[in-house]
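Here are some notes to read alongside the model.

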Amino acid sequence: MGRQRSQSVTLSDVARLAGVSVATASKALNARDEVAPETRRRVLQAADELSFQPNVLARGLISGRTRTVGLLTDELAGRFSIPILLGVENALGNEQMSVLLCDARGDAIRRQHYIRTLLARQVDGFIVLGDSNDLRPSLTRDIPVPVVYVYGESDDPGDLSVLADDEDGARLATEHLVSLGRQRIAHITGPEAYRAARDRVASLRKVLAAAGLPLVGGDPLYGEWSQRWGRNAAKMLLTANPEIDAIFCGNDQIATGVANTVRELGRQIPDDVSIIGYDNWHEFAADCQPPLTTVDLNLQQLGATAVKHLFAALDGQPASGVIRQPCRLVVRDSTGPATRRE
C-alpha cells in the first residue's frame, strides 16, 4: 500500500499510529527534551510512514512565531556577504525556517525603512550583516526581537557579535612562513583605517618577535585592497629590499598583484619568494600563478554560527559580547621551504 497523502494526515493520526498522546507526538516532532528517545523514534517513524507534514502556519499561530528571520545587510554585492548569507540560509533551511533579505546599501534611511518592514512581517529575529569586521553602531534599541551581528561588531557590549578572528588568521599565515625557514618577511596590506588590517599587523609582529625576526622595511605597506597596489608595492619593496624571501599579503587580490611583479622581476615563486594571501577568494587564489596559499575565513560557518546563537536567544538564552571564529590555512603552491643561499 502506498503512503497516505500528507494533506489528509493529521497529528492525531501520527499519535494514534505511534501509540502516544497528541501532546507527546507534538513534543516529539518539535524535538522537545522531555520526550524519551524511544518514544521520539516511534513518533518520527509514524510520521514518516504517513508522510505527515506539519502545518507551518498553524505551528506559528500556536507558538507565536512566524519561523522567519530578517537578514539586514549593507553591501549584498560585497565579497563577504554572499558566503555568509549562504551559511545563514543553509542553517535556517535545516530548521524549516526562512530568511527575508534586505540590502540597505549603507543608507541609514533605507536601513530604518527595512527594519520597520521586517518587523511588520513579524520576523522572529534579526541577523545584521556587516561589510567589514569593524565596529558599527548598534541597532538593537530599534528592534524588539533578538538580534545577532555577524562580520561586523556592534558598539554595544550587551549585543552579540560573531566575527572572523583576524589576529588568528594572521598568526596562522606568519607561523607558516616562519616554519618554512623564511627569515626576511614583508607585509603588504590594505588601508590602515581598516580594523582587520591593523589586527593582522599586530599578530604578524607578535609572531615575528617571538621568532626573533624583523619585519622587513620596519613597517607594513598600507594601501588599497587591489592587484594594482600589490604590483606597485611589491616593486617598491623588492627594489629597496632585494633580500626579501616572503611576503604576507592582506588579501588575495594584493597577493595576485605581488605574484605578477615577483615573476616580472625574474624571481621564482616559491623558491626565491614565498607569497601568502588572505580570504581564500577562489577566483584569485586558484587562478594565481602559482596557486595561492591563503587564509580562509570560513564565512559560511560564520553565518551558521550566527543562526545558532539567534536560535539560543529565541529559546530564552541570549548571549552578549564577541565570538571570534577561528580561520584556517589553505596551503597551495605559492609557499615552500626556503632555499639555501650560497
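1. A contact here means heavy atoms within 4.5 Å. Take the contacts in the chain between residues at least 6 apart in sequence: 70% of them join residues at least 24 apart. Bear in mind throughout that this is a predicted model.

2. Overall dimensions come next. The chain has a radius of gyration of 26 Å, whereas a compact globule of 342 residues would have one near 20 Å. The C-alpha trace spans about 85 × 50 × 35 Å along its principal axes.

3. On secondary structure, the chain holds 12 helices and 14 strands.

4. On burial and surface, 49% of the 342 residues in the chain are buried. The chain exposes about 16,700 Å². Carbon and sulfur atoms supply 50% of that area.

5. Now helix α5. This helix covers residues 81-94, which makes 14 residues. From first C-alpha to last it reaches 20 Å, close to the 20 Å expected at 1.5 Å a residue. Just after α5, glutamine 96 takes a positive phi, about 55°.

6. Which residues of α5 are buried? They are Ser81, Pro83, Ile84, Leu85, Gly87, Val88, Ala91 and Leu92. The cover over these buried residues includes four strands to inspect: β1 (68-73), β2 (98-103), β3 (125-129) and β5 (147-150). It also includes helix α12 (299-314).

7. Turn to the aromatic rings. The count comes to four aromatic pairs. One of them joins phenylalanine 248 and tyrosine 278. The centres lie 6.4 Å apart, and the planes make an angle of 40°. The pairing cut-off is 6.5 Å between centres.

8. Are the two partners buried or exposed? Phenylalanine 248 is buried, at a relative accessible area of 0%. Tyrosine 278 also counts as buried, with 0% relative accessibility.

Technical notes:
Residues numbered from 1 in each chain as written. Predicted model: local features only at pLDDT ≥ 70, side-chain atom pairs only at ≥ 80, totals over all residues. Heavy atoms only, no water. Phe/Tyr/Trp six-rings, centres within 6.5 Å; stacked < 30°, edge-to-face > 60°. Buried < 20%, exposed > 50% of the residue type's maximum accessible area, 1.4 Å probe, protein only. Helix = DSSP H or I, 4+ residues; strand = E, 2+ residues; numbered from the N terminus. Expected span 1.5 Å × (residues − 1). Rg over C-alpha atoms; globule rule 2.2 N^0.38 Å. Areas by Shrake-Rupley, 256 points an atom, 1.4 Å probe, with all protein chains shown as cover.
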